[in-house]
Every structure is written in structure tokens, then in C-alpha cells.
Amino acid sequence: MSNDVASELDQLNQSVNELLANPPDWLADWVSGSTLWDLIVNNGLQAVGIGAIGWLLATYLERRHNAQMSAREELLTGVRVSTTKKTGPTAHEGTMVVGSVVIAHDFFRTLIIQLRKLIGGNIKPYERLVTRGRREAFIRLREEAALRGLDQVINVRFGSSHISGRFISSVELVAYGTGIKTR
Amino acid sequence: MIITNIEAVPGQSVAEELGLVLGSTVRGKHVGKDIAAFFKGLVGGEIKGYSDLLVEGREEAISRMKNHAVKLGADAVINVRMTTSSITGGAAELMAYGTAVKLTPTENA
């Protein structure tokens, strides 16, 4: 039985290689002089290469982003934040402030996540992604408050949702609250 | 028009509740932004095109909610909540809803 399958595959491989050896004109530039195995190896290496470069760049950009956020957070110590609705007696002006960001993984890590999801459990790359995105959204919220001269943000709410783009799916993280002036 | 997501407006008090007001919008970006997002996906990170899409959409939803509140003769919208959901590839629905109120100044402010 397995011999039959093997010989059929062999025949298929041979017929594909014959086709590749005598390709139609429109395909000749792409495949002339190569076998099926050559095509798989060459294009596979290209795809893995691009994916790996993207992965390295993504790791570098993630580190840089985290460092930038730490620096920006140090400037925002003047804005106090709470999730309660208490305004206090000195509050005299308020408006809603919003911070949001859309963030996505590189394709290589997406592939790894797909494999990881087969096993289940904690999906570390996604945890890192949403933590980073939420931190960015929270910083933007406080930056907007600081820009408007508000010194406290109360009743802060977080939200996250999946944004499916036409070619890429990403995550949106949003933080919003009421900024008030207490001085 | 004052927008807050707490049950009061700082420095003023609520005179009258006028009811629920709501604004929503479904927005997409042109296909060029989607292609740019695809290439950004090679390295991951923030997708600026979609961030802008959601910021614009949220502003649009809040301004529609404000228009609704203006029709009711409100001074402020309080206790505002916002939701986002992905409707189809490359488009998102943004919704904002809250309670329209009339205000009076607090006496001892």
C-alpha cells in the first residue's frame, strides 16, 4: 500500500519536473532550469529570511519602544490617576480624555503563536503585546490630560478589541477617563 | 458641551436628566493604508493608519453624540461609555453613549 503511494508521488514529482523543464512562455522566466525541490528550497529560504529579519527588527523596536515609554512616564508624574468617581471639593473643571493605539505582531511571531495555540496555556508574546499597547494608550491618555492643563484623571476605564484589517489583524487598546482641574 | 465619564460635572450640579444620547460610526481606510499596514506587519509594532482610523472614528462618534444632545437642549453629557468592534476587514465600528443633562452652577463653588 505504502509502496503504491510512494510510486504515485514519485510519478507526480516527475511529471511536475517535466512541466518545469518545458514551461509555457509566461512562466519560463520564473522556473526555467529548476526542479520542484529547487523551487521549494529557494522560495522557502527567502520567506524564512524575510520573516527572521522582521522578527529581529521587531524585537529591537519593542525594546526601544519600552525604553521610550519609561522616559515619557517620568514626565507624567504630575497627573494623578484613579478609577473612582470622587471629584473632591476643589475640582472646578472637567472633560473627557482618551488615549488609544492599534498594535500588531510581526508575521513570524504570528506564525509561532499559531503553533503555540495548539498547546494552549499562557501565550507570552500576546501578553507582552497587549501590556505594551495598554501602557502606550495609558501614557497617551495622561499626555492629553497634561496638554490640556488637567492635573487629575478619574474614573479611568480600559478597553481592548480585535481590529481585523484587510491584510493584517491587530489589537486596539484604549484608555479613557475624566480629566479634572483641582488647582 | 461638556463631556465626562463620571456622574457629575466638576464645579456644577445636574439640574435635569434629559435621557440617553448615542453616536456611532463605521469607518474604513482606503486600500493604500491597508497595504501600508501589511508592510508594517513585517516588523510588527504600532499600525499608524489604523490608530488614526480609530481616533477619527471616535471623534466622529462623540460629535454625533453631541449633536444628539444639542437637539435635546443639553448642557453636558455625563457617564459616557465607548465601545469598539471590528465589523469587517479594514473597517471598525466606534460607538459612544451617555446621559444628556442640564446644568446649574453650584452655589458655594
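Colleague: In this predicted model, how many bridges join strand β4 of chain B to strand β5 of chain B?

Modeller: The model is predicted. Strand β4(B) covers residues 76-88 and strand β5(B) covers residues 91-105, and the two run antiparallel. One facing pair is Arg81(B) and Tyr97(B), the latter in β5(B). The number of bridges that join β4(B) to β5(B) is ten.

Colleague: Which strands stand at the edges of the open sheet of chain B?

Modeller: Four strands of chain B form this open sheet with mixed pairing, in the order β1-β4-β5-β2. A strand at the edge has a single partner strand, so one of its sides is left without a neighbour in the sheet. The strands in this position are β1 (2-3) and β2 (12-28) of chain B.

Colleague: Which helix of chain B packs on that sheet?

Modeller: The helix touches β1, β2, β4 and β5 of chain B. Its direction makes about 140 degrees with that of β2(B). The helix covers residues 48-71 and is α2(B).

Colleague: What radius of gyration does chain A have, and what would a compact globule of 183 residues have?

Modeller: The C-alpha trace of chain A spans about 85 × 40 × 25 Å along its principal axes. Chain A is also divided into domain 1 (2-31) and domain 2 (79-181), and the centres of these domains are separated by 52 Å. A compact globule of 183 residues would have a radius of gyration near 16 Å, but the value for chain A is 27 Å.

Colleague: In what order do the helices and strands of chain A run?

Modeller: Chain A has five helices and four strands. Read from the N terminus on, the order is α-α-α-β-β-α-α-β-β.

Colleague: How many residues lie between β3(A) and β4(A) in their hairpin?

Modeller: β3(A) and β4(A) pair in the antiparallel sense over eleven bridges. Within this pairing, Ser164(A) stands opposite Ser169(A) in β4(A). The number of residues between the two strands of the hairpin is four.

Colleague: Against which elements do the buried residues of α4(A) pack?

Modeller: In α4(A), Phe107(A), Phe108(A) and Arg109(A) are buried. Just after this helix, Gly120(A) takes a positive phi of about 85 degrees. The elements against which the buried residues of α4(A) pack are α3 and α5 (124-147) of chain A.

Colleague: Which element gives the largest share of the side of chain A that touches chain B?

Modeller: The contact takes 41 residues from chain A and 35 residues from chain B. Elements giving two or more residues to the side of chain A are α3 (36-74), β2 (93-104), α4 (107-119), β3 (152-164) and β4 (169-181). By class, this side has 19 nonpolar, 16 polar and six charged residues. The largest share, ten residues, comes from β2(A).

Colleague: Which strand of chain B is joined to β2(A) by two bridges?

Modeller: The two strands run antiparallel. Ala104(A) stands opposite Gly45(B). The strand of chain B covers residues 45-46 and is β3(B).

Methods: Residues numbered from 1 in each chain as written. Chains lettered and ligands numbered in written order. Predicted model: local features only at pLDDT ≥ 70, side-chain atom pairs only at ≥ 80, totals over all residues. Rg over C-alpha atoms; globule rule 2.2 N^0.38 Å. Contact = placed C-beta atoms within 7 Å. Nonpolar A, V, L, I, M, F, W, Y, C, P; charged D, E, K, R; others polar. Pairing = 2+ DSSP bridges. Axes fitted to C-alpha atoms, helices over the stretch in contact; angles between N-to-C directions. Domains from an automatic or database assignment. Buried ≥ 20, exposed ≤ 12 C-beta atoms within 10 Å, placed from the backbone.
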